[in-house]
Amino acid sequence: MFREMRRKRQKLSDEQTEAVFEHATHGVLSLIGDDGYPYGVPVSYVYANKAIYIHSALEGHKIDAVRACDKVSFTVVDTDDVVADEYTTYFRSAIAFGRARILEDKNEKMQALRLLGDHYNPGHDEALEAEISKGFERLHMIEIEIEHMSGKQAIELLRS
Ligand SMILES: Cc1cc2nc3c(=O)[nH]c(=O)nc-3n(C[C@H](O)[C@H](O)[C@H](O)COP(=O)(O)OP(=O)(O)OC[C@H]3O[C@@H](n4cnc5c(N)ncnc54)[C@H](O)[C@@H]3O)c2cc1C
């Protein structure tokens with residue numbers, strides 16, 4: 001049911017698409033929000049085990065939307081070089097569609113938090129464990145199981 005990209009030359013391979021998810025520093029989580037208005041919220045994340053992990057406050061629009069509907073999409077941009085005199089941008093981006101779930105199992109939640117912390121501050125296990133123990137009960141971890149992903153780059157990047 002997921003659409004094919006119209007401009008196939010610009011489509012990234014699966015490996016290149018994964019690299020975009022690995023390199024981008026944040027993404028926009030798109031949810032079906034209040035009254036059916038789309039809610040796109042920027043978040044930090046880690047891409048691991050072919051899934052996306054996000055931490056969240058225990059309450060709020062985002063978590064209410066995930067509880068109401070597990071169908072989500074997640075968009076990242078890892079390159080956006082504006083070329084003013086060409087009236088364009090040389091971009092590389094990726095979009096995933098999937099199902100979100102709040103990790104209720106403490107072990108699953110802990111693993112996901114470790115992945116997220118280590119992604120942003122690799123190799124600082126002790127500091128990470130201290131940070132996790134401070135915040136563990138005050139946050140949710142959301143896992144997005146990816147059902148479909150695509151990556152796209154500007155036509156100009158094909159030539160470089
Ligand atoms: C680069 C970046 C990384 C972030 N990383 C994380 C993360 O990893 N985890 C996390 O939980 N949050 C992160 N945030 C903050 C995130 O964007 C939300 O503000 C936060 O998650 C609260 O969302 P909520 O739906 O619970 O907020 P609520 O306060 O319940 O949202 C209520 C309303 O406030 C407005 N609102 C909420 N967030 C924003 C926003 N960012 N900008 C403008 N209006 C907003 C919207 O109108 C929303 O409907 C990040 C933000 C940025 C910019």
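Two strands are said to pair if DSSP finds at least two bridges between them, and helices (H or I, at least four residues) and strands (E, at least two) are DSSP runs numbered from the N terminus. The model shown is predicted, so local features need pLDDT of at least 70 and side-chain atom pairs count only at pLDDT 80 or more, while totals for chains, interfaces and linings use all residues. Residues are numbered from 1 along each chain as its sequence is written.

**View 1. Strand β5 with its partners β1 and β6.** Strand β5 (residues 71-83) pairs with β1 (27-32) in the antiparallel sense over four bridges, and in this part of the model Leu29 stands opposite Phe74 of β5. Twelve bridges join β5 to β6, and these two strands also run antiparallel, with Val82 opposite Thr89 in β6. The hairpin of β5 and β6 has four residues between the strands, and Tyr87 takes a positive phi near 55 degrees there.

**View 2. Ser93 in strand β6.** Ser93, which is found in strand β6, is buried, with 20 other C-beta atoms within 10 Å; a residue counts as buried if 20 or more other C-beta atoms, placed from the backbone, lie within 10 Å of its own, as exposed if 12 or fewer do, and as partly exposed in between. Leaving aside neighbours within four places in sequence, Ser93 is in contact (C-beta atoms, placed from the backbone, within 7 Å) with Val20, Thr75, Val76, Val77 and Lys152. Ser93 and Gln153 are 60 residues apart in sequence, yet their C-alpha atoms are 6.5 Å apart in space.

**View 3. The two sides of helix α2.** In α2, Lys62, Ala65 and Val66 are buried. Seen down the axis of α2, these buried residues fall within an arc of 100 degrees, so they line one face of the helix; the arc is that of the directions from the helix axis to the C-beta atoms. They pack against β1, β2, β4, β6 and β7, whereas the face turned away from the buried side carries the exposed residues Arg67 and Ala68.

**View 4. The shell around the ligand.** The ligand is surrounded by 13 residues, of which the closest are His26, Ser44, Gly60, His61 and Lys62, a residue being near a molecule if its C-beta atom, placed from the backbone, lies within 6 Å of it. The elements that give two or more residues to this shell are β2 (38-43), β4 (51-57) and α2 (61-68).

Note on methods:
Contact = placed C-beta atoms within 7 Å.
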